[in-house]
Amino acid sequence: MTPELANVAPAAVGAVEDRRVTEELYRTAYVGDRRAAIAAVLASLFVASALDRQGASKSVWLWCGVCVLLAVLRLLLIWRVSGARQSQDALALRGPWLALLTVATCTWGAGPPLFLSQTPAADTLLTGIWLASAGLTAPLLAASRPAVYLSLLLALGPLLATLALNGSGDSLFLTVLAAFFLLVLMRLALDQNDSLALGLAARFHNEDLVEQLRAQVEVVARANREKTRFLASAAHDLRQPLHALGMFCAALDQRLKDIPEKPLVRNMMDAIEALESSFGAMLDISRLDAGVIQKAPQTFPIRDLFRRLYQQFGGDAEARDLSLRFRAARRKVLSDPQLLERVLANLVQNALRYTRRGGVLVAARRHPDGVALEVWDTGVGIGSDKIEMIFQEFYQVDNPERDRNRGLGMGLAIVQRLCNLLEHPLQVRSTPGRGSVFRVIVPAGDLGTIEAPPLEADTLPPRTVARVTVLLIDDERAIREATRELLRPMLVDVIVAATIAEAVDLAKQSSAQIDLILSDWRLRGQENGLDAVRAVRAVCGDSTPAVLITGDTSPELLKLAHERGLVILHKPLQPRELMRLVERLAR
């Protein structure tokens with residue numbers, strides 16, 4: 001055994017004895033014996049033919065026939081083993097195979113005592129044939145130690161005894177040569193057996209480790225799915241009262257006119273909108289992870305985007321006593337204008353938040369790969385050890401007290417996901433105390449292919465009647481009442497239902513046509529908004545406009561809803577968004 005095998009063997013003794021290793025060793029030996037049996041048939045025929053030419057007795061053909069018969073029986077037995085599907089079959093046939101191999105080897109080994117000493121030339125020829133057959137058989141059967149001993153000792157033992165008893169000088173030389181050959185061959189076969197056993201033990205050990213790792217990965221994935229499901233459920237439960245609160249405040253704001261308490265209601269609305277902004281950021285992350293946001297690239301001048309950004313953030317920069325400059329340099333880019341605007345808006349907003357003095361510069365520069373859109377600031381900067389961390393959700397540089405006025409720490413996480421979606425490389429360079437620059441590489445656009453900005457498609461058909469009937473399906477009583485109070489001044493009849501069965505009954509009993517179905521995603525029990533819309537449309541018609549309102553942010557739900565082609569509004573729903581939706585029906 002080699003030194004490497006000797007070092008590994010003690011630690012792998014238990015593995016080598018494993019039933020799987022033993023079974024695989026015998027399967028390997030069976031495959032090798034298939035070739036050995038075929039070689040035995042050819043060698044027997046060759047020996048019988050050679051001895052027959054030299055005038056040997058006809059018994060040599062009888063011996064040859066027995067050898068061929070035993071080889072055929074071995075092939076049949078091996079064929080049965082190779083066709084077995086149960087692992088125990090390979091080990092169950094180990095005994096019959098070794099017994100048949102023993103008989104076959106003894107028959108082959110009986111050849112030298114029967115036919116040796118015919119002539120010196122024949123003795124040398126037979127000795128060479130027997131040594132060659134042993135040299136061929138040993139590595140083929142090395143997977144089984146008993147087979148090694150049987151194939152070598154029983155095949156060459158009678159040859160060695162016959163040569164030793166002959167006593168001549170040539171026979172002595174052949175005896176020493178055969179004995180040395182036997183020892184070397186035995187050592188090589190046993191080392192090969194050790195290598196096979198240890199290799200199989202290592203393979204099965206690795207397979208066990210892989211299986212354990214796969215199980216652990218599945219546990220982690222399951223835990224991650226449960227975490228996502230929990231967060232989605234928690235977000236839904238938090239959005240429900242916030243959604244109702246926003247509706248009640250909007251209804252109250254409509255009714256309070258020119259009274260001292262009016263600013264209090266406005267402050268309440270501002271606080272609710274701040275909460276909605278927080279939920280909106282988490283929703284953006286979920287939608288991007290779900291892959292439901294699709295890009296629509298087109299060529300457009302970057303100055304238009306910069307103009308909108310200045311209108312959006314110019315007042316904020318002035319309030320902070322910071323300069324905000326834009327340099328478009330007549331650049332044209334090929335990208336999705338809305339998604340790219342969100343990327344730059346987050347970067348500009350982030351730069352303004354972390355800049356105490358100086359200002360922010362947004363520039364479009366020529367780049368080998370197109371146009372580099374850069375956002376420079378003179379802010380606090382970012383340490384090199386924190387560059388990767390700033391793209392994590394909720395992480396903020398230099399904000400350990402979690403000041404809500406400085407954001408949630410979701411902006412750069414959204415920027416990175418949007419850049420990945422748009423396939424725009426995102427680069428960061430920063431020096432602590434001096435500022436940072438964020439660079440987005442965008443393909444350059446061709447001026448001749450500038451397209452008119454696409455108009456937003458209506459999701460609901462216009463109507464000419466003034467009165468609108470809305471069927472609201474939601475299991476939360478507060479949301480049903482708040483929605484009814486919000487839409488009442490708009491001459492909207494709101495029919496409310498808590499379950500699918502109740503919604504179907506109300507749709508059948510309604511004297512007015514149902515103009516819009518508003519359904520929550522999660523209803524009572526196992527009911528959901530998709531089933532609710534399907535059931536109500538079966539009564540009112542498949543063309544009835546329907547909107548799914550959900551506070552769930554799970555990627556699976558977003559994919560499912562978009563695949564079904566449903567219009568989705570997310571809780572907490574801003575009252576003005578719902579009112580605009582209903583106003584389009586009343587036109």
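**A guided reading of the predicted chain**

Of the contacts in the chain that join residues at least 6 apart in sequence, 74% link residues at least 24 apart. The model described here is a predicted one. Its secondary structure consists of 18 helices and twelve strands. The chain has 587 residues, and 45% of them are buried. Its accessible surface amounts to about 30200 Å², with carbon and sulfur atoms contributing 57% of that area.

Five strands make up an open sheet with parallel pairing, and their order is β9-β8-β10-β11-β12. From one strand to the next, the twist averages 25°. In general, strands of a sheet pair through backbone hydrogen bonds, in either a parallel or an antiparallel arrangement. Within this sheet, strand β10 (residues 516-520) and strand β11 (residues 546-550) are paired in the parallel sense over four bridges. Ile 517, for instance, has Ala 546 of β11 as its bridge partner.

Helices pack on this sheet. One of them, helix α14 (residues 477-487), touches β8 (468-473) and β9, and its direction makes about 175° with that of β9. Another, helix α16 (residues 529-540), touches β8, β10 and β11; the angle between its direction and that of β10 is about 155°.

Attention may now turn to the salt bridges, of which the structure holds 16. One of these joins the side chains of Arg 145 and Asp 194, with an N to O distance of 2.8 Å. Arg 145 belongs to helix α8 (residues 145-166) and Asp 194 to helix α9 (residues 169-255); the pair therefore ties together parts that are 49 residues apart in sequence. The two partners may be compared by their accessibility. Arg 145 counts as partly exposed because its relative accessibility is 30%, whereas Asp 194, at 10%, counts as buried; the cut-off for buried is under 20% relative accessible area.

Arg 203 forms one with Glu 207, their closest N and O atoms being 3.5 Å apart. Both residues lie in helix α9 and are four residues apart, about one turn of the helix. Arg 203 has a relative accessible area of 36% and is partly exposed; Glu 207 is likewise partly exposed, with 39%. A further salt bridge connects the side chains of Arg 214 and Glu 211 at 2.8 Å, N to O. These two residues are three apart in helix α9, so about one helical turn separates them. Arg 214 counts as partly exposed at 48% relative accessibility, and Glu 211 counts as partly exposed at 46%. Elsewhere, Arg 365, Glu 374 and Arg 439 are linked in a network of salt bridges.

Definitions and conventions
Residues numbered from 1 in each chain as written. Predicted model: local features only at pLDDT ≥ 70, side-chain atom pairs only at ≥ 80, totals over all residues. Heavy atoms only, no water. Buried < 20%, exposed > 50% of the residue type's maximum accessible area, 1.4 Å probe, protein only. Contact = heavy atoms within 4.5 Å. Areas by Shrake-Rupley, 256 points an atom, 1.4 Å probe, with all protein chains shown as cover. Pairing = 2+ DSSP bridges. Axes fitted to C-alpha atoms, helices over the stretch in contact; angles between N-to-C directions. Salt bridge = Lys/Arg side-chain N within 4 Å of Asp/Glu carboxyl O.
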